[in-house]
Amino acid sequence: MARTNDDVAAVLEEYADLLAITGAEDFKIRVYQKASRSIGAYPADIADYDATALKQIPNVGESIAGKVAAYLRTGSMAKLEELRARIPAGVRALTRIPTLGPKRAMALHQSLGVDSPESLEAAIHAGALDDVPGFGPKSGENLLHGIALLRQAAERVHLGVAMPLAEDIVAALQKVHGCRRCGYAGSLRRMKDTIGDIDILATSNRPKALMSAFVALPQVTEVIVRGDKKTSVRTEQGLQVDLRVVPPAAWGAAMQYFTGAKAHNIRTREIAGHHKLKLSEYGLFDAGTDELVVSKTEEEVYRRLGLPWIPPPLREDTGEIEAALAGRLPDLVTENDVRGDLHTHTDLTDGLASLEEMAAAAAERGYAYYAVSDHGPDLFMQRMTLDKARSQRERLRELDETCPVRLLHGVELNIGPDGDVDWPADVLAEFDVCVASVHSHFDLPRDRTTRRLVRAAENPCVNVIGHPSARLIGRRPPIDADWEAVFEACARTGTALEVNAFPDRLDLAADLVRRARRQGVKFAVDSDAHAVGHLANLRYGIGAAQRGWLTADDVINTWPLDRLTAFLRKERTLTPA
DNA sequence: GCCGTTTTCGGCCCGACTGTTTTCAGTCG
């Protein structure tokens, strides 16, 4: 299931955690964390690598390469096994309790013998904490609260939940007297598909007023920490929201800092160090004199570090720093580049709006072209028939004559367990665009799922594989396929992969998008709209595309219609009739 | 343990807040 790289990354991460619990030096812990990230983000599969090959990976040196090579050979890592033998697995679980880090977790384990959140909870209730130095009454209270939160498993929420909430809070704070600027940062600004907490940044010379307004927001149910510079709250759905207030002149440095990701920031601070500078949320400073160099805009901060401005979706330390230094950052696709949507529904099947309403909404968005792609007959509950599809086409052609948007007649086919789709080639040839998606049989064995998707791609009439992994964030895992084989087939046959913009799908996911792009695959960023309001979800799909390093050239629905049409002909025109 | 426009040795990201401390360690982001 998991790639070798992910498996090794998890092992190194665990080793780093156990080192921290045993009180190892900070820098040693960080080295294993860095190596874990580097291997996790490394594009090639390392399954067959030996120590020499492993050392080519950044942050993997002699020692780690040796450990990983042994792990790949034997399935175990001696040093890790040693630590596992010393520290019960539950102690690592203790560090997942908020306010309890490795040091204090180990202290509790040694003095009380606790080895799980449950046994800690029992020990606290028994009053055992009173005898442990460094733990007062407040600690017990906070730990119990933390254990309760852990139990609720405050899950990460998807972008479609976090973004509107963040936008509401920003709008409210902007109205507070003295607030100069306010915006969201963090993983939300990086457009991660799921969000653990929301980071809001504001500038004001009167931070107290801003903090008071913040904790009084109707969405707030609990204040976690409160200060003049930083306040954290929890909302009714258990989501943590942090507000940071900095002086107006520090906006750029603060935005850079709070957008993260943490690993990206560590790199930018290291680079600052090399330039004898010091970077914090308050600005870029001369390391010797502490004099401010720049802080007003992110562009200035990056420029002074010798870097171009790096778009937030790339800031993960997965190669963007190296690309920036080499002047090879991708020119990312934006929502403005998009000329049309290739996957949308109407009330002919499971959509809520009519063909006319959807076409009008597409025109309003300024699209040049727009495909209606209702379900084919194989999704039986949608009651589609060939007659219905053809009569929809007639209406669409008629509407097209007066519509400012060029209307395309499409279909969303169902990919059966063996890769077959609803209609034969002669029927499919009547459509302008064919999307084909998996809607059932999600648990087939990997090789069968791979064959299923490859066959769909090899169908000369299938233009786009819709929501390729069929995942539903937080509800259904992605189907298991040999994705490299699927990507190869798509690149070879001129079949695009969809980046479905529905916020609980965001499918293909960004990391797979990036891997597919390396194989030369093209993409369609589609809304899969079932209602007028869904067309605007496209922004989330663009976020995923950006996180996958896509340029406009990689995305077929940014192309002019004639180029798109040529792509959609696929090899149909090359195959003799 | 890794790495090199400061280096093959000596550095390793920075600041806010909390709780328990009498000046700071631990945790978090």
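Which residue forms a salt bridge with Glu316? In this predicted model, the partner is Arg547, and the closest N and O atoms of the two are 3.0 Å apart.

Chain A is assigned four pieces: domain 1 (4–155), domain 2 (157–248), domain 3 (251–326) and domain 4 (335–569). Taken over C-alpha atoms, the centres of domain 3 and domain 4 lie 38 Å from each other. Where these two domains meet, seven residues of domain 3 touch five residues of domain 4, and about 490 Å² gets buried between them, with carbon and sulfur atoms giving 55% of that area. On the domain 3 side, the residues that lose the most area to domain 4 are Pro313, Leu314 and Thr318, which together make up 73% of what that side buries. As for salt bridges, the rule finds one across this interface.

Now for the rings. A search of the whole structure turns up five aromatic pairs. One of them joins Tyr15 and Tyr32 edge-to-face, with 4.7 Å from centre to centre and 75 degrees between the planes. This pair ties together distant parts of the chain, since Tyr15 sits in helix α1 (residues 4–21) and Tyr32 in helix α2 (residues 26–41), 17 residues apart. Tyr15 counts as buried because its relative accessibility is 5%, and Tyr32 counts as buried because its value is 4%.

Trp559 and Phe567 form another edge-to-face pair, at 5.6 Å centre to centre and 85 degrees between the planes; both Trp559 and Phe567 are buried. Elsewhere, the charged end of Arg393 sits over the ring of Phe431, at 4.6 Å from its centre.

Conventions. Residues are numbered from 1 along each chain as its sequence is written. Chains are lettered from A and ligands numbered from 1 in the order in which they are written. This is a predicted model: local features need pLDDT of at least 70, side-chain atom pairs count only at pLDDT 80 or more; totals for chains, interfaces and linings use all residues. Side-chain values use heavy atoms; hydrogens and water are left out. Rings of Phe, Tyr and Trp (its six-membered ring) pair if their centres lie within 6.5 Å; planes under 30 degrees apart count as stacked, over 60 as edge-to-face and the rest as tilted. Helices (H or I, at least four residues) and strands (E, at least two) are DSSP runs, numbered from the N terminus. Buried means under 20% relative accessible area, exposed over 50%, partly exposed in between (1.4 Å probe, protein chains only). A charge sits over a ring if NZ of Lys or CZ of Arg is within 6 Å of the ring centre and within 35 degrees of the ring normal. Domain bounds come from an automatic or database domain assignment. Contact means heavy atoms within 4.5 Å. Buried area is the accessible area (1.4 Å probe) that two parts lose on being put together, summed over both. A salt bridge is a side-chain nitrogen of Lys or Arg within 4 Å of a carboxyl oxygen of Asp or Glu.
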